[in-house]
Amino acid sequence: MTHAMKLPTMKSLALVALLAFVPISWAAEVEPVAPAPIQSLVAEPAALDFTGPRDRRNVLVFGVAEDGERVDLTGEAEFQLPSQVIAVSAGQFEATAPGLGEITIRAQGVSAVLSVSVADASSAPGPNFVRDIMPVLNKQGCTSGPCHGSAKGKNGFKLSLRGYDPNYDYKALLFDLSGRRFNRADPARSLMLAKPTQQVAHGGGLRLEPDSRDYQTIHSWISANAPFGDIESDAVVALETSPSEIFMHSPGRKQRVLVTARYPDGTTRDVTAKAHIAGSNTETVNVAGNVVTGLRLGESTLLIRYEGKFATVPVTVRNPRPGFQWSALPQNNYIDELIDAKLKRLKIQPSSLASDAEFFRRVSLDLTGRLPRTDEVREFLADSSSDKRSAKIDQLLASDAYVDYWTLKWGDLLRSNRKFLSDKGMWEFREWIRQSVASNKPYDVFVRELLTAKGSSYANPAANFYRVARQPKEAMETATQLFLGVRMVCAQCHDHPFERWTQDQYYQMAAFFSAVGVRPGFQSGEEIVYLKRADNQIEHPGDGRIVEPKYLVAVADAPVVDPQKDRREFLVDWLTSEENPFFAMAVSNRVFSYFLGRGIIDPVDDIRASNPPVNPELLAALTDDFTRNGFDLRSLMRTIVNSRVYQASFETNVWNESDSINFSHFMPRRLGAEQLADAVAMAAGADFEIADVPDDFTAVQSPDPHSGLDGFLDLFGRPQRETACECERKTEMSLPQTMNLVNGPTLGDAVGSADGRVAKLILSGASDREIIEDLYLATLSREPTAAEFDLALTHLTGPGGRTPAAQDLLWALLNSNGFLFNR
Amino acid sequence: MTVLRLLLAVLFSAVALSAAEPVLTRVDPVGAQRGTAFRLDLYGNNISDAAVLRTTLPGSVTPLIAARAMKGPALSFLVELPADAAIGLYPLRLEAPGGLSNLILFSVGEFPDVSETDEPNDTPETAQSLDLPTTVNGRLKGSDRDVYRFNASAGEQLVLEVEARRAGSAVDPVLRILDAQGDQLAVNNDAPTLGLDARIAFRAPSAGVYYAVVHDARFSKQDADSYRLKIGDFDFAEGFFPLGGPRGKTVSVDWFGGSLKRPTSSPVDLSQVEEGLAWTTIHTPGRPGALPSTFVVSDHEEELENGRRRLTPGRVLNGRIGDSGEVDRYQLAVEPGQSWRLSLDAATLGSSQLYPLLSVFHKDELLARSGDEIPEKRTTSLEENTLVSRDPFILLDVPDGVNELTLVVEDLVDRGGPNFGYRLLADQGRPDFTLSLSTPEVSIPVGGVAHLNVSAVRRGFSGPIKLFAEGLPDGVTTEGGHLSALFNTKDSVGVAGAATLALRAAKNADLRAFPLTVWGEAVLPDGGKIRRRASAPGLVTPVRSRPGIRGRELPARADWLSAELPARVAAAHPARIVLDGPAQVRIVKGTEYPLRWKLESSDPSIKALTKFRLVTPGARETTFSPRDPEAEWDGAAYVKYLRTTMGGPAQTFDAVLTAQARIAGVNETLASPMITIQVVDGFSLAPAHESVTVSQGAEFDLIGKIDRDSAFPNPIGVSVGDLPKGVSCNAPSPTMSSTFRLDCQTEPDAEIGIHEILLTAASTMAGRGEGKNVPYQVDPVAVALALVEADQP
């Protein structure tokens, strides 16, 4: 293949280097800062109440500095014990006899007193499986995926994954091998103890020491004839943590975490030793056992699991740099207020507003997917009215380009793809999406039409939803991920390991779709979505029982499901209810992420207790705003892009340079594949041909992954529309992309196009200044700086001739970060 | 060589090369206003001056002497249409020495015609202006969009309609109306009763400019890419009822919806509909402009629903789901053991919006249902790979204790309305099948063969079907036409099968056209015979599909055109494939057979045989390999191996070798004479007795014959299985003998009773790999063994 554009010259490569903006530093390591002198000690819990002898508890000791900072001194504290009632065992306080007493705590020259009580537990029941043994099995890893919790178990012995099904596990232990895992006459010779202590061969190695407390627990349990307990009263109802939030004033600080399980009878148990604690951001914190160490500035969330229950603890490692002075910036709406509130607390100074040129380019790309034309840029920059940004936003929101761009976005999520839908079906579905976007159909109506669709995929294109998600389980997984932001897929086989969703809930939700059938229609490529008259229930894979539909979470005004009617109608009533805690929140978060680069909960389609929002107040306010405005997506976008936060500069200051999650500055993003292709075409004045679509279609208008541009769009991460996950669209840079930009035909042909911008400028007799300014406006949507202009002028007036030099300049600009990124 | 001889040689060569079938690629215009005169230009390939236009166009059609321009039309005609010509579609076909051309439909309309001007006309800025009323004859070239500008006064009523797929175009049109600002006011893709064609009834909201936009629904590139956009004020209906009537009678049809202010009745005379034709066309009452609709013609008595709740066997009931969620129930008196065929026609007729669901109950018990869930089989495809549904059909054997059935008709998605009609027929009958031709016309070269492809839909009949033709002139004979029995007979409802019937014209056959009918005949399990006529497609316009997408596009058809298949004995073809071997082949299952053939050509320049294909439409459960399209040349002939599997059924089917050659600059597919292949078991068992009676403690023999095919070379062993307790037989060594004998004995306490034992013959034969012998086994044969007490004889 030959191309009109010659290879880049060294000069143009130099231009690239000069035009590239300075890379952003996303994180900075900061030296630990010593805390201020301690003024007092505080213990948590405020009193130690043991349920009886052998009960073990932990204590946290905080030193409180003058400025109110709390520092974990547990490790260096000295304890004077009431030896008549407690002792230290394995690093914990263990009750030895009923009674009362006090612990005196000393650290850094300060002391405090902690009251102690030990109840008389002589009538307390012995260990049972649910309350005592399952925690041991889970903690020792017996129920983990690589061991007996795997789908097929290990070495003939299978347990439920992470012990989500105690009934199953109990039966497996007691009745497999005809009950030979237990020797009730001599419990120590039970396989259940002999294996993990490696008295007999055990593939999982040594898991228990014979003198350990866990060993003794199991031994006692077998001796007591291995009682099961009560699945209701012995199960944990809640986890409590201490502290509930960790705020470190500098990297290098450590904080212990205590975990307490609460049971239905009101009793508690210190389960710190058996709980699983992990941090969401391993670059910010390190977790070893129950000790959290701050590594860098930033935030993380601890996910704490114990016996199917979860708790989260937000961790913030604050910037210790002295001299922070909050400098208030204008607040355009509640988004700015709520983000500022958190930034101020974290000692993060947000960036100031982006320039008009940056804003215009950014908002055009984000709302319409395309660059502004040069005349539009000139007009906007020349406009001196104070409300020109808002006016431009309204103008863009009302444009056809907005409709095209958001048709593309929804087409991605809904998998509008001729592979699934046939040619005509795909075009019809795209048309339906487009009309929905054009009419600003309320989001709840949009979702209702999709999820309750039936009939011909041609007559009612919304029915195409079920041509992609054809089976009840797939439809449920898609609907919950798309419209609730919840991923249910793990719960298909077992209770969700990182969330509260159970396998039962998975099938209860799938039961809303169990009657949906899809069959061929009477025209090529047509299918009919209908409700099955028979065989329209879903069975639980465990025991084969028919599962009735049940809402994932209770909602006050949700209707009672009548399984004889179209269950989807009930589901959608529940789903789109203003009381549903997920529906409006999920899309508000998703839309917010499109403009700010990440969600308040991120990933946006993985909302779970263990993935909390970075700014819950903001998410709640967005959700409330969206709901009160009748689920109006355009209004939501208008609010977001009118905020100062959205319009902030991408350039950082010393206080926010390491922040990447609190929206303190704009986060540059590489243009999406279609945006990039159209931007190149527009900037270069070239006309790309996309196969099988009308000639005037842009890449943003291309209907699905089966059309367009010789692999360029796929190379730059166009989603293949195979899943409903946002993650299908790739926006990172790669070496093949760079090589394509530098050497590939797309840019080369565009720059050298006979009808392209450079050719037209030269033929029109444009001056050097006009050429340079036009190329900057066409690519970066701004005028060149003086230095840039001088450099470009030197190149244009060089010995190589104006045309190749202008082509060099355009090529270099197209390869600059300023062009490739939305910033 | 003299000048005269040279001239003769050139002439002969020209005749020989022009003998290929004519192909019409397009006509211009594709329609015209009645009462006007116009020039009709035909374009295509292999069209000589000797070609004659065959058409039913009213008025005069006069050949013109065409200017010999490089890219001009092949033929031109002056056509004068009378003012009272019926609005509708008229076939155009060329008959030439090389045979019959494909058929193109010409539309006669009500409004003045204009042609689409030169592209681009893709945007409102470049739109073509129209004066109303009018019809635009346009083409959509790939991802083309055609935009037309027209003026309308405030409140003006207009109907915009596109004729495309109904007129045999591959275009699936979408119609949009934009206002002067380019904002879309209305869009239609598929209009009721128009199939894939589009229509919008438009009331202009204000006086001014509007735009009509036409494009293909898939922006696809098609060869047959024409359309006609009508814009005017004419009457149309959104439906009619009933959807059909009995041949020979006059039926009152109610029209409703659309521009009709109230339902209007009109009589439909079915007395002149030719025998065998299942369709006629009917015209919407009122102001003319709409194309006629297709109306079913049956050979049954018919009745209207009219509150009727009991079905009369053998009589078509014309019913309608009048409202959303409505369910129609009918009682049918039956007797246990009877076999009933229950068929319901609706959506596939094109005139009903109903997605029919037919259920059969006895009291509250569901006995059968058709129209909802689709088994994971090919049972629902009209054609393989198209994934298109049929209307419901149920073959029901009445269970014991059942004397009345309730048939329930409903819409699959609970809709209803005046245009949700259906035709329900219950008749007692034997297993049945239907046949349809996929070939719209056939040209048989003198001294050569042509092939007709016939597809079958089984309605309970699972046996073999033999095709034959009626109306053959002297010198034309048939070959092949074998449609194999189903291997798995439980799939005998709805399974599509295919067969090829070859027509051979003798070297001295007269060149002439003739109407042909194709039939299929089969022998039922009770020994009776059944004959079914293959329906003709009228027209087949291929519609291109994109590779890698779901399903395949159905071709455009015009089943309403004729029940007969146009045929012609044509001039000899310059090239043909001849077999280098017998046309009747007998193969032992599991073996391979070399098919050998050669090219014969009157023109030495024709050599370029490229890709070969073995077409075996009637074969089932048999594989052929290699699938490599290239054949071997062994120095005397091309060779391709036909391989059968041991697991396939014994069957007879037809095979055709096809190959491509470039003749006179055009790629043509040549076909060989039919090869009829009989696949037989290598051997089979024939026990001397179907039952044997033996006393407890006695000895007995099992004897019989081994029918060995002469081509099967190896020793065969016979064994017996499923023996009752206390009975044993020896298993003699495999033998080349044509008889077998097993010595058996019974214990004194062997279980008394009648036991079915299975005689099995097994052997080995050479496998595909070198030195490998693989087991070869045929279906076991059952023998009844009656064990009686010792003191009984």
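This is a predicted model: local features need pLDDT of at least 70, side-chain atom pairs count only at pLDDT 80 or more; totals for chains, interfaces and linings use all residues.
Because Arg269(A) belongs to strand β15 (residues 268–270) and Asp132(A) to helix α2 (residues 129–139), both of chain A, the pair ties together parts that are 137 residues apart in sequence.

A second salt bridge of chain A joins Arg487(A) to Asp605(A), with 2.7 Å between the closest N and O atoms. Arg487(A) is located in the loop between α14 (472–484) and α15 (503–510), whereas Asp605(A) is located in the loop between α17 (583–596) and α18 (616–628), so that parts 118 residues apart in sequence are tied together. Asp605(A) is buried at 1% relative accessibility, while Arg487(A), with a relative accessible area of 26%, is partly exposed.

In chain B, the side chains of Arg139(B) and Asp225(B) meet in a salt bridge with an N to O distance of 3.0 Å. This pair links distant parts of the chain, 86 residues apart, since Arg139(B) is in strand β11 (residues 134–139) and Asp225(B) in the loop between β17 (208–216) and β18 (226–232). Asp225(B) counts as buried at 8% relative accessibility, and Arg139(B) counts as partly exposed at 27%. Chain B also holds a network of salt bridges that links Asp113(B), Glu161(B), Glu163(B), Arg166(B), Asp197(B), Arg199(B), Arg228(B) and Lys230(B). Over all chains, the count of salt bridges comes to 95.

Strand pairing was examined in an open sheet of chain B, which comprises 4 strands in the order β27-β32-β29-β30 with antiparallel pairing. Strands β27 (327–333) and β30 (365–370) of chain B each have a single partner strand and stand at the edges, so one side of each is left without a neighbour in the sheet. On average, neighbouring strands of this sheet are turned by 25 degrees against each other, direction ignored. The antiparallel pairing of β27(B) with β32 (residues 404–411) of chain B extends over 7 bridges, and Arg329(B) stands opposite Val408(B) in β32(B).

In chain A, Pro461(A) occupies the loop between β21 (455–456) and α13 (465–468) and is buried, with a relative accessible area of 12%. Apart from neighbours within four places in sequence, Pro461(A) is in contact with Glu428(A), Phe429(A), Trp432(A) and Ser456(A). The C-alpha atoms of Pro461(A) and Gln503(A), which are 42 residues apart along the chain, are separated by 32 Å.

Methods: Residues are numbered from 1 along each chain as its sequence is written. Chains are lettered from A and ligands numbered from 1 in the order in which they are written. Side-chain values use heavy atoms; hydrogens and water are left out. Two strands pair if DSSP finds at least two bridges between them. Helices (H or I, at least four residues) and strands (E, at least two) are DSSP runs, numbered from the N terminus. Axes are lines fitted to C-alpha atoms, for helices over the stretch in contact, and angles run from 0 to 180 degrees between N-to-C directions. Buried means under 20% relative accessible area, exposed over 50%, partly exposed in between (1.4 Å probe, protein chains only). Contact means heavy atoms within 4.5 Å. A salt bridge is a side-chain nitrogen of Lys or Arg within 4 Å of a carboxyl oxygen of Asp or Glu.
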